[in-house]
Amino acid sequence: MQRVFGRVLLPLLLAAVLLATGAAAAMPERLVPVGATVGIRLEADGLLVVGFDRGRPSPARQAGLRKGDVLKAVNGEAVEDCQALQEMVAACGGGVLTLTVERDGQARQLALRPAADGDGYRLGVSLRDSMAGIGTVTFYDPERDAYGALGHGVNDLETMVLLPLEAGAILPSSVVAVQKGACGAPGLLKGAFNTSETLGTVEANTDHGIFGRGGASLSSRAAVPLADAAEVHTGEATILANIHNTTVEAYQVEITKLFPEESTSGRNLLLTITDPRLLRQTGGIVQGMSGSPILQDGKLVGAVTHVLVNNPTCGYGIFIANMLENCAAYAE
């Protein structure tokens, strides 16, 4: 058994699973646009299967485990993390283990006999129990003490599956370096964050962003109205981005195309970076900028979500209304 978890840069990837958050939403009238980066630490609800041993038989694969499965329990005992599973396997004496696995929202049980491996036993599977990285906060709601970030979900890079969330936190961070984007090679923000202090909780990881409580210290900007999808138009706009230390600045962009009918992909608008300062420093949109708020005509339009790999000056954004539909803080 291998243990795979830890500090993973949050990618500009679309979540593959929709996390239901309730009935009709009571949308706010105004929100504070943020644009600051934060450290994001997520603990998985169970252990996500991300791969199997190569070059030798894998008992886990032979038992029927698949990439994207979530291991919830062994012999009826909940598995909290990879270390706990290692201890269970070590104590089994090579006997058959009954695994409780969640697949496509359904629970199932699989029987597995670990393989002898030196003085111990192995399952022949790679698992993820947590993820960490940096991302950008889109908005803060002072009335609910709630925030939204990223505009897309946090996915495991191996399986492209939305990480099932048990708990999480946002942490103070700063951008220490920028890897500039180029055609065919998206850039990224390199950040450092303080694990001894938390700014808020992470309570939902959805295909349209992560959401939680807290974040009041992230911005001193005034709240602005929200734009309805019908109000968004092609033309000039700005984004708020944090590409150096903790400084958030406004950069000029142009919205070039709209996709108002698109409600699930997080690609409601296409934008081009036109600000020479941002182009000079980052080459356009880079990983870590996902979640940067988009403003137009004095209103919060949405958030940056994707970069075009073959043209980093361009990317997609999600409408703020679509992002808020996934936020439990606004579910009635």
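**A covered strand and its neighbours**

Modeller: Happy to! Let's take β11, which is mostly covered: 17 of its 17 residues are buried, where buried means under 20% relative accessible area, exposed over 50%, and partly exposed in between (1.4 Å probe, protein chains only). The label comes from DSSP runs, numbered from the N terminus: helices are H or I runs of at least four residues, and strands are E runs of at least two.

A word on what you are looking at: this is a predicted model, in which local features need pLDDT of at least 70 and side-chain atom pairs count only at pLDDT 80 or more, while totals for chains, interfaces and linings use all residues. Residues are numbered from 1 along each chain as its sequence is written, and side-chain values use heavy atoms, with hydrogens and water left out.

Now for the partners of β11. Two strands count as paired if DSSP finds at least two bridges between them. Strand β4, residues 37–52, runs antiparallel to β11 and is joined to it by 11 bridges; here E43 stands opposite S130 of β11. Strand β3, residues 30–33, also pairs with β11 in the antiparallel sense, over 2 bridges, and the partner of V32 in β11 is Y140.

Strand β12, residues 146–149, is another antiparallel partner, with 4 bridges to β11. In this pairing D141 stands opposite A146 in β12. β11 and β12 form a hairpin with 4 residues between them, and D145 in that turn has a positive phi of about 50°.

Next, the packing. A nonpolar core is a set of buried Ala, Val, Leu, Ile, Met, Phe, Trp, Tyr and Cys residues joined through side-chain atoms within 4.5 Å. The largest one has 28 residues, and those with the most contacts inside it are I239, L269, M289 and I294. β11 (125–141) is among the elements that give two or more residues to this core, along with β13 (165–171), β15 (188–193), β20 (235–244), β21 (247–258), β22 (269–273) and β24. The most comes from β20, which gives 4 residues. A second, separate core of 24 residues includes L42, V50, M131 and I170.

Leaving aside residues up to four places away in sequence, M289 touches T136, L189, I239, A241, I243, L278, G284 and V304; contact here means heavy atoms within 4.5 Å. As for β24, this strand covers residues 299–308 and holds T305, which is buried with a relative accessible area of 0%.

Finally, step back to the chain around β11. There are 4 helices and 25 strands in the chain. The chain's radius of gyration is 21 Å, close to the 20 Å from the globule rule for 332 residues, so the chain is as compact as a globular protein of that length. That radius is taken over C-alpha atoms, and the rule is 2.2 Å times the number of residues to the power 0.38. Along the principal axes, the C-alpha atoms fill a box of roughly 65 × 45 × 40 Å. Of the 332 residues, 54% count as buried. Among contacts between residues at least 6 apart in sequence, 71% join residues at least 24 apart.
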